[in-house]
Amino acid sequence: MAFINLLPWREEADKAQQREYFTLLTVVAVVAFALVFAVSQFYQMRVDGQNSRNQFLKTEIKLLDARIIKIKNLKEKKKELQKRTEVVEQLQRSRNVGTQVLDEIAKIVPTGVYLTRLEKQGNSIKIIGKSESNNHLANMIREIESSLLFTDAILESITTNEATNKLLSDFKMRVRIKGLLNSTEDAKPVNNGGKS
């Protein structure tokens, strides 16, 4: 007699096959999830690393900006100190300028030239006087140009007054004092009752 299996073996086989399929599907899903998670974590770590580097760079840039501002402030202070030092040096040089000017005037004025008035205007001196001849004035201009204290002699005018004395001509001359500040102080007249 033939063996007849009355148990539902096809259904059991289908169920076993479904269990295997779902198990395999679950394993594949878990592996895929783990793979995706690992890749996302890897890229997240790289992004976080880059963000931390960016943050570090931003912090360093802020520190460098602060240092640059300090350096600019120090450079401005240095320029101000240099200007003050230059002013002090110029004031130191021009401290005895009055006596130096009068001493140098005594050296450059030749015989035949008579000074009646000196006016200091900033770093220049206006010389007003009388001269016996134009040659004496030319000699005086040469002396001024070779002077260590004066420079840029400009003869502004030479006039002769026929009503008074024909022998003497009036002149006006301007010279610049070397190394003085360009001050805006008022003219300081110095009367020199005639110098030969």
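Visitor: Which side chain meets K107 in a salt bridge?

Guide: This is a predicted model, in which local features need pLDDT of at least 70, side-chain atom pairs count only at pLDDT 80 or more, and totals for chains, interfaces and linings use all residues. Residues are numbered from 1 along each chain as its sequence is written, and side-chain values use heavy atoms, with hydrogens and water left out. A salt bridge is a side-chain nitrogen of Lys or Arg within 4 Å of a carboxyl oxygen of Asp or Glu. At 3.6 Å, N to O, the partner of K107 is D103.

Visitor: How are K107 and D103 placed in helix α2, and how many residues apart?

Guide: Helices (H or I, at least four residues) and strands (E, at least two) are DSSP runs, numbered from the N terminus. An α-helix has 3.6 residues a turn, so residues three or four places apart point the same way. K107 and D103 are separated by about one turn of α2, their spacing being 4 residues.

Visitor: Is K107 buried or exposed?

Guide: Buried means under 20% relative accessible area, exposed over 50%, and partly exposed in between (1.4 Å probe, protein chains only). D103 has 43% and is partly exposed. K107 has 55%, and therefore counts as exposed.

Visitor: Where do the buried residues of α2 fall, seen down its axis?

Guide: The buried residues of α2 are V97, V101, E104, I105 and I108. The arc is that of the directions from the helix axis to the C-beta atoms. For the buried residues of α2 this arc is 105°, so they line one face of the helix.

Visitor: Which elements are included in what covers those buried residues of α2?

Guide: T99 and K107, on the other side of α2, are exposed. Contact means heavy atoms within 4.5 Å. The cover of the buried residues includes β1 (113–121), β2 (124–131), α3 (134–145), β3 (150–159) and β4 (169–177).

Visitor: Which strands does the salt bridge of K130 and D170 tie together?

Guide: The side chains of K130 and D170 meet at 2.6 Å, N to O. The two residues are 40 apart in sequence, so the pair ties together separate parts, namely strand β2 with K130 and strand β4 with D170.

Visitor: How many residues apart are E156 and R174?

Guide: The side chains of E156 and R174 form a salt bridge of 2.9 Å, N to O. This pair links distant parts of the chain, with E156 in strand β3 and R174 in strand β4, and the separation is 18 residues.

Visitor: What is the nearest side chain of opposite charge to K126, and how far away is it?

Guide: K126 is found in strand β2. Leaving aside neighbours within four places in sequence, its contacts are R117, L118, E119, E156, K172, M173 and R174. Lys and Arg count as positive and Asp and Glu as negative, while His and the chain ends are not counted. K126 is buried and has no salt bridge; the nearest opposite charge is E156, at 4.4 Å.

Visitor: What is the phi of D152?

Guide: D152 lies in strand β3 and is partly exposed at 37% relative accessibility. Most residues other than glycine have a negative phi, and most peptide bonds are trans. D152 has a positive phi, near 55°.

Visitor: What kind of aromatic pair do F33 and F37 form?

Guide: Rings of Phe, Tyr and Trp (its six-membered ring) pair if their centres lie within 6.5 Å; planes under 30 degrees apart count as stacked, over 60 as edge-to-face and the rest as tilted. A search of the whole structure finds 3 aromatic pairs. F33 and F37 have centres 6.3 Å apart and planes at 20°, and the pair is stacked.

Visitor: Where do F33 and F37 lie?

Guide: F33 is exposed at 61% relative accessible area, and F37 is partly exposed at 46%. They are 4 residues apart, about one turn, and both lie in helix α1 (residues 9–93).

Visitor: What pattern does the protein follow along the sequence?

Guide: The secondary structure comes to 3 helices and 5 strands. Of the 196 residues, 18% are buried. Read along the sequence, the pattern is α-α-β-β-α-β-β-β.
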